[in-house]
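Good morning, colleagues. Please bring up the structure on the screen, and I shall take you through it part by part.

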Amino acid sequence: MARELWKGNEAIAEAAVRAGLEAYFGYPITPQTELLEYLAVRMPALGRAFLQAESELAAINMVYGAAVAGARTMTSSSSPGVSLMQEALSYIAATEVPMVLVDMMRGGPGLGNLAPTQADYFQLVKGGGHGDYRPIVLAPDSVQEAVDLTYVSFDLAERYRNIVIIAADGNIGQMMEPVEMPPLRERPPVGSVDRGWELTGAVGRPRRIAHSLNLSPEEMARVNASLQNKAAAIAAHEVRYSERFAEDADLLVVAFGSAARIAQTAVRQAREEGLNVGLFRPISLFPFPTDRLAHLATRAQRLLVVELNAGQMLEDVRLAAGAYAPIDFFGRMGGVLPMPDEIYDAIRSAYPHVGGNGNGKGKRSLPAGMRPLTGSWSERMSLN
Amino acid sequence: MIGNLIPVYERPHALTETVTHYCPGCTHGLIHKLVAETLDEMGVTEQTIGVASVGCSVFSYNYFNCDFASAAHGRAPAMATGIKRVHPDRIVFTYQGDGDLAAIGTGEIIHTAARNENITVIFVNNGIYGMTGGQMAPTTLPGMKTTSSPAGRDVKLTGAPIRMSEMLATLDGPAFIARRSVHNPANVNRTRKAIRAAFEAQRQGLGFSIVEILSSCPVNWGKTPVDALKFIEDGMLPYYPLGDFKVSEAMKALLRA
Ligand SMILES: Cc1ncc(C[n+]2csc(CCOP(=O)(O)OP(=O)(O)O)c2C)c(N)n1
Ligand code: SF4
């Protein structure tokens, strides 16, 4: 199929439609609104459910309803809206019904700004709502990948009866790139294929209940155990990542989404100049590619984590690789995007045989925004 | 049938044989029965998907013999919207208390009514938060003592109770908005009729219907079951008049037929 130029938000919307999205509920918020606007045209034209809710709170609870009713359903928003959804996401996780959420992260905390950030990594990846549950979180670095991940997200959500989050940012949502769209899926009407859990009316079968209330601690423990087993199965089967020059890298840059896209340019430049630098890009943030990263870290001499936040994925990198290699961090907050040059400088300064004195020993001069990961939490957080 | 006796009353098929957890004298159970009988009479129990709210009726999903979802506190109308948009041919209803519907879920009920969402809402108004142990609700009567208004509700501090039915009736959309009570048999019968009308409105696709039902909470009102029913009549009726607050033209035609 021919490649066409698509804007990220609209491309994701179209990919969802082609994956068989049957019911969309949303609320306007920049930088995600085109997604809603696109579906406002596309969904009714196909006879599918579209509704602009009165709030993200209502939107996610409508999604909850559509999900228990057995539909392929989705909502999309940006950071403050996703904060508003957290209670319902916890309910949805506990009820074990499938749904997809697209988050075009923007600057925060608070009303923040409209600029692209990755500052909601903790919120999205670690659960966000109350209780122990893990959404599957997928972070695209291009419009094409956003399309591809959105397309499979519904299958993943249904396979595990789990929340799948597409964690992107304003860059991905707003930029235009050539995309090859997947085919429009033919799907049977909602409710015509019974999977044994959806609420469709108890015609010719015992009634069903979709709930998340488990008053007895033993029962709640069983539900939790089931969620944890599911998370383990997801971790075993759904890890996704991409690598460039990673196998033989002395310095391994670790970044996801937009940050990885920018870092890639810097890594390529460093390679051209003969530095043994590679890029490891987690695509699934949960499940985090722990094993692969640990393996690479035993080989690399040093890691450099690059994020559009104050260091959130960093914690997962430390858990995976902290025992094997020293880790540096380069971050930009508030929606300020680093230029590839800045990351290049960070690479040079972290590089074991070039800028630094190797393996974190000795004194090195660090570019603005970059700090070595030594010392206590409070030391690390005192940014210059 | 036992021997040649003919049953004149049976448990509605739409209710399960589960013993409810409601307190003695609580009218939640009675209202469940009225809803269940209506579903049976209309022959739609198997076509119905209920949405329980958070409050004393949270376990209603155990008592109704139809598919049931359990919503987050206040969000039942949004969840019901999601279900109805996916299954427009099913009967979808929410069952909500006054804390759920008139406090935390005010936004959802107003917008669901404004959209004229084709669902039915059973709104049980007992003027108090039952489940959490008797705190003040937006519907608590002026001067009424609750655990969070121990000196009696002071309307200067907390505003006056909200009359949800009257408020919703200002919207153009809804097909049917009525308030009823269950404090005596005559009113129970009127409530039954209103519930039937509300579900018929939905079945005919006329849009949003809600029946607000004044209900007792003997335990948190600190009254015997009999005195609690008396309190509905003497205490609540003067503030919450019974009646039909919105009957759309199409609904009027339906009721005449
Ligand atoms: C988000 C959230 N806040 C608070 C609660 C606690 N809570 C449970 S039931 C309830 C009040 C219910 O009162 P009402 O709707 O009047 O129903 P009743 O119990 O009187 O039938 C509250 C505040 C909750 N479950 N969720
Ligand atoms: S607390 Fe009140 S509303 Fe709840 S079951 Fe008891 S009497 Fe009924």
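This is a predicted model: local features need pLDDT of at least 70, side-chain atom pairs count only at pLDDT 80 or more; totals for chains, interfaces and linings use all residues.

Let me turn to ligand 2. Its surroundings are drawn from chain B and include four cysteines, namely B:Cys23, B:Cys26, B:Cys56 and B:Cys217. Also around ligand 2 are B:Tyr22, B:His28, B:Asn126, B:Gly130, B:Met131, B:Pro218, B:Val219 and B:Asn220. Which element gives the most to this shell? That is helix H9 of chain B, residues 218-221, with three residues. The shell around ligand 2 divides into eight nonpolar and four polar residues, with no charged ones.

I move on to the contact between the chains. Here 34 residues of chain A are in contact with 28 residues of chain B. On the chain A side, two or more residues come from each of strand S2 (23-26), strand S3 (49-52), helix H3 (56-68), helix H5 (86-95) and strand S9 (209-210). Of these, H3(A) gives the most, with eight residues. The side of chain A that touches chain B has 21 nonpolar, eight polar and five charged residues.

B:Glu46 is found in the loop between helix H1 (28-42) and strand S1 (48-52) of chain B. Leaving aside neighbours within four places in sequence, B:Glu46 is in contact with A:Gly201, A:Ala202 and A:Val203, and within its own chain with B:Cys66. The C-alpha atom of B:Glu46 is separated by 9.2 Å from that of B:Ile91, although the two residues are 45 apart along the chain.

Eight strands form an open sheet with mixed pairing, in the order S9(A)-S2(B)-S1(B)-S3(B)-S4(B)-S8(B)-S7(B)-S9(B). S9 of chain A and strand S9 of chain B, residues 243-247, stand at the edges with a single partner strand each, so one side of each is left without a neighbour in the sheet. S9(A) pairs with strand S2 of chain B, residues 67-70, in the parallel sense over two bridges. Within that pairing, A:Ile209 stands opposite B:Phe68. Elsewhere in the sheet, S1(B) and strand S3 of chain B, residues 91-97, run parallel and are joined by five bridges. There, B:Val51 stands opposite B:Thr94.

Next, the domains of chain A. The assignment gives domain 1 as 4-201 together with 209-237, and domain 2 as 242-381. Taken over C-alpha atoms, the centres of these two domains of chain A are separated by 29 Å. Between them, 27 residues of domain 1 are in contact with 22 residues of domain 2. On the domain 1 side, at least two residues come from each of H6, strand S6 (136-138), strand S7 (163-169), helix H8 (170-174) and helix H9 (217-237) of chain A. That side comprises 17 nonpolar, six polar and four charged residues.

Helix H6 of chain A, residues 121-125, contains A:Gln123. A:Gln123 counts as buried, because it has 21 C-beta neighbours inside 10 Å. Not counting residues up to four places away in sequence, A:Gln123 touches A:Val82 and A:Gly128. Its C-alpha atom and that of A:Ser79, 44 residues away along the chain, are separated by 9.4 Å.

Finally, a word on confidence. The mean pLDDT of chain A is 92, and 91% of its residues reach 70 or more. Over residues 354-364 of chain A, however, pLDDT stays under 50, and the model has 22 contacts for this stretch beyond four places in sequence. Residues 374-384 of chain A also have pLDDT below 50, with five contacts in the model beyond near neighbours in sequence.

How values were computed:
Residues are numbered from 1 along each chain as its sequence is written. Chains are lettered from A and ligands numbered from 1 in the order in which they are written. Two residues are in contact if their C-beta atoms, placed from the backbone, lie within 7 Å. Helices (H or I, at least four residues) and strands (E, at least two) are DSSP runs, numbered from the N terminus. Ala, Val, Leu, Ile, Met, Phe, Trp, Tyr, Cys and Pro count as nonpolar, Asp, Glu, Lys and Arg as charged, and the others, Gly among them, as polar. Two strands pair if DSSP finds at least two bridges between them. A residue is near a molecule or strand if its C-beta atom, placed from the backbone, lies within 6 Å of it. pLDDT is the predictor's confidence in each residue, from 0 to 100. A residue is buried if 20 or more other C-beta atoms lie within 10 Å of its own, exposed if 12 or fewer, and partly exposed in between; C-beta atoms are placed from the backbone. Domain bounds come from an automatic or database domain assignment.
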